[in-house]
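Biologist: I would like to learn how to read a structure step by step, with someone to guide me through its features. Could we begin with a single residue and its surroundings?

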Amino acid sequence: MTETIPQPRTAAADQTETVSPEDGAPESAKPGLLILAPLRIEANAVRRGLTRSTSRVLHTGMGATRAKRSAEKGTPPSFFGGVAVMGTAASLSDDLHPGDLVVATEVSDGETTVPLLGADLLAAELRRAGLTARAGRLVTVQKLVKSAERGRLAADGYLAADMESAALVAAVKAAGNPVAVIRAVSDGGFGPGIVTGGLAALRSLRKAAPVAEKWAAACRPRTVLLAGPRSFCAGVERAIEIVDRALEMRGAPVYVRKQIVHNTRVVSDLEQRGAIFVDELNEVPDGATVVFSAHGVSPAVRSDASDRGLSVIDATCPLVSKVHAEARRFAKEGYTVALIGHAGHEEVEGTLGEAPDSTVLVQTAEDVDALDVANPSKIAYLMQTTLAIDEAADVAGALRDKFPQMRAPGSDDICYATTNRQAAVRAVAADADMVLVAGSKNSSNSVRLVERSVRAGTPAHLIDGATDIDLSWLTGVDVVGLTAGASAPPAVVSEIIEALTGLGPVTVTERVTTTESVQFGLPREVRR
Ligand code: SF4
């Protein structure tokens, strides 16, 4: 059986250059977009979706040789914006359906493979626009795809096949413009499906056109200002290593109460290795190994684990344990402890649990106003380790004004990693147009980095990874500040830089405000 790439055919490329109908796009929409569409029907579908005057469509003609010749003639010689190859393709994967979009992570003609950085970022933007899009490998073939060949290409890891992309990319890459390839799956099988599949593909190409424009508007050479220090702190590294070693030494599954650190990437990596994350101990089978997260637990949880006969490994950060010890000491000496922190955060719940009858949570200066303690001369304060330094200082100041005899912790509770990352992000925010903070939404210290940048007057966005970047954030942005919360892996920072490189040349400059050398020992249960 022979299957074809069901593309409507045209006789020849006509080199028609078309300006989209709406003119007067704002300056921020520049630089422009050049779309290379092999078939006239594909060019027309894309053209119908365009919205900006800076967008052009070049109908290149079908097949590698003709398309390449057209592209070479029609592409501006130097950087002007983004070039997107857009057309239909044959699916090589059973889970792709007519109308689904494939954004190429690389294109290959079987001999030469060209990587296309930032494909995940564009695929995510297409998904946010309501389209079904995947990033993956694309192969350009010379002839229609037969079923036997389809199986072979699929086995090689290709998602889709077309007849022009590799040649088109080769033709335009040399000019230095960022290049993307968006192909819509058109094959719907024989019979009526071949028509409806083609129509679905053309519809998707039309809908993808404004997203390609958004992508092109984000394309430009830019600088990435890296904050240093950033990413993992000593407490997070220790906690992850504890779970790693527990898995290695005791075998899967190893249960972890709460997220070991507040990062979705870290949690999912450990899950794949056999860690099971639970909210409460009643989800842990009797006798199993359970790891307490870096944020700490209350004595009630420890005692519950002991009653249940669970084998506990404690990954509480030593700097959190220090705050717990201070809470116990102050309470024992008869002090009321004002804990400055955020309600509901696991660290705060654990610290409150150390002396629940003697501790009150204060989140704001208004909470301090309303605070009424039995003995105002015996009050002490403590802090959550991951607070914004200036906000926490404001609350501590309000407490001191109201209770002049208030005792302070022996040393700062806001930890070195939080302090250093906040100073570092402030340094890059001063010279950046926009700041990206790698970290999860439930990561307190990562959220504080966003706030720190915004307070410095620079817009900032919290992202778990590159695919969370909304391309509109990058329009008009020459300098991106980049940092990562203490629970975000360094690899995410590299992934973000790589994705930005797909939008134009990137110069990376690191601005180091301090260096860190803190290390914590491991608990005896996982020492070798
Ligand atoms: S942020 Fe600070 S307190 Fe939290 S785990 Fe890292 S070093 Fe410990």
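Biologist: Which residues does Asp413 touch, not counting residues up to four places away in sequence?

Modeller: This is a predicted model, and in it Asp413 touches Lys322, Val323, Glu326, Leu382, Met383 and Thr385, once residues up to four places away in sequence are left out. As for its place in the chain, Asp413 lies in the loop between helix H13 (389-402) and H14.

Biologist: Is Asp413 buried or exposed?

Modeller: A residue counts as buried when its relative accessible area is under 20%, and Asp413 counts as buried because its relative accessibility is 3%.

Biologist: How should I read the pairing of strands in a sheet?

Modeller: Strands of a sheet pair through backbone hydrogen bonds, and the pairing may be parallel or antiparallel.

Biologist: How many bridges join strand E13 to E14?

Modeller: Four bridges join strand E13, residues 289-292, to E14, and the two run parallel; Phe292 stands opposite Asp314 in E14.

Biologist: What does a search of the whole structure find in the way of cavities?

Modeller: A cavity is a space where a probe fits but cannot get out, and the search finds three cavities of 30 Å³ or more. The largest cavity holds about 280 Å³ of space, and of the 25 residues that line this cavity, Cys233, Val236, His295, Thr386 and Asn445 are the closest to its centre. Helix H7 (234-250), helix H10 (318-332), helix H14 (416-429) and helix H15 (444-455) are the elements that give two or more residues to the lining, whose residues divide into 13 nonpolar, 11 polar and one charged.

Biologist: And which residues lie closest to the centre of the largest pocket?

Modeller: A pocket, by contrast, is an open set of points, and the largest pocket has about 330 Å³ of space. Among the 17 residues that line the largest pocket, those closest to its centre are Asp109, Gly110, Thr140, Val141 and Gln142, and the lining divides into eight nonpolar, four polar and five charged residues.

How values were computed
Residues numbered from 1 in each chain as written. Predicted model: local features only at pLDDT ≥ 70, side-chain atom pairs only at ≥ 80, totals over all residues. Heavy atoms only, no water. 1 Å grid on protein atoms, 1.4 Å probe; cavity = no way out; pocket = protein on both sides within 12 Å on 5 of 7 lines; lining within 4 Å. Points joined across faces, edges and corners; volume = space filled by probe spheres on them. Nonpolar A, V, L, I, M, F, W, Y, C, P; charged D, E, K, R; others polar. Pairing = 2+ DSSP bridges. Buried < 20%, exposed > 50% of the residue type's maximum accessible area, 1.4 Å probe, protein only. Contact = heavy atoms within 4.5 Å.
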